[in-house]
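This report is meant for a reader who is meeting the structure below for the first time. It turns to a pocket, then to the nonpolar cores, and then to one helix.

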Amino acid sequence: MKKDFRVQYPLWQMAFIVLFGFMAFSITGVSTELNQNSQGFSYSLEFNPIESIFLFGALFISFISILIFTRKISNHNKQNPDQKISMWQIRPLEYLEQDEGMTHITRRAAQKVYTFFVWALPLLAVMYMVFDLPRFWMILGILFLALMQYLIYYLEIRKHLGEEEE
Amino acid sequence: MLQNRVKELRARFGFSQGQLAERVGVTRQTIGFIEKGEFSPSITLSLKIAREFEITVDELFWLEGEKSI
């Protein structure tokens, strides 16, 4: 069960969030220039070397990760033809709803995540109102909440699925 | 809290968690959750488990502080 893709899915999401963080760092640090005259306009983006490395490194790793990720979904669907999942489904992929026991632990994990957001979102909103933060730090705050959401969910599910068969 | 004899009866009947789970149509983990008291099963699942052990539901489950029949 621990190897079930739906159990590992939050780890994948956390990895994608970290990669997105690197992309956000690169993109928010870019210099932009807009020139407009009577004949038209030009728009240029200028990356410094470190930001370029982060951006292209993150894009490359994301591309490889998405390939592996889709392969994993495909394998999961082959192994569990009656519990197929899709990258494009609206319901979160991490929900375990094979039976009433699994639905119960999914609900408990989701409740913990909900409790986290009840406190974290207002706190983040207050921080953004009080401090004049650069755009990157605002994005980083949102990504941190998203990361925590998946971490809380994953740890709760793992806690219940940790024991081997007796 | 709901108490139960699932683990005891499962051992008596020689079932693994996986075998009992298969017989009643749930995952092995759900049997584990019930045995540990982490989860109170529905009436339907309780009836299915009790039927496997050839006893009634109130012989299998009881409320904490009350004696099982």
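## The largest pocket

In this predicted model, the lining of the largest pocket is made up, by class, of one nonpolar, five polar and three charged residues. The residues that line this pocket are Lys3(A), Asp4(A), Phe5(A), Gln8(A), Lys72(A), Asn75(A), His76(A), Gln79(A) and Asn80(A), and the pocket has a volume of about 150 Å³.

Two helices of chain A, α1 (5–28) and α2 (49–79), are the elements that give two or more residues to the lining, and α2(A) gives the most, with four residues.

## The nonpolar cores

The largest nonpolar core has 33 residues, and those with the most contacts inside it are Ile157(A) and Leu161(A) together with Val6(B), Ile31(B), Ile49(B), Phe53(B) and Leu60(B). Two or more residues of this core come from each of α3 (100–130) and α4 (135–161) of chain A, and from each of α1 (6–13), α2 (17–24), α3 (28–36) and α4 (43–52) of chain B. The largest share, eight residues, is that of α3(A).

Leaving aside residues up to four places away in sequence, Ile157(A) touches Val7(A), Leu96(A), Ile105(A), Thr106(A) and Ala109(A). A second, separate core has 17 residues, among them Met23(A), Leu55(A), Ile73(A) and Leu93(A).

## A mostly covered helix in chain B

Eight of the nine residues of α3(B) are buried, which leaves this helix mostly covered. The buried residues are Arg28(B), Gln29(B), Thr30(B), Ile31(B), Gly32(B), Phe33(B), Ile34(B) and Glu35(B). Just after α3(B) comes Gly37(B), which takes a positive phi of about 75°.

Methods: Residues numbered from 1 in each chain as written. Chains lettered and ligands numbered in written order. Predicted model: local features only at pLDDT ≥ 70, side-chain atom pairs only at ≥ 80, totals over all residues. Heavy atoms only, no water. Core = buried A, V, L, I, M, F, W, Y, C linked by side-chain atoms within 4.5 Å. Buried < 20%, exposed > 50% of the residue type's maximum accessible area, 1.4 Å probe, protein only. Contact = heavy atoms within 4.5 Å. 1 Å grid on protein atoms, 1.4 Å probe; cavity = no way out; pocket = protein on both sides within 12 Å on 5 of 7 lines; lining within 4 Å. Points joined across faces, edges and corners; volume = space filled by probe spheres on them. Nonpolar A, V, L, I, M, F, W, Y, C, P; charged D, E, K, R; others polar.
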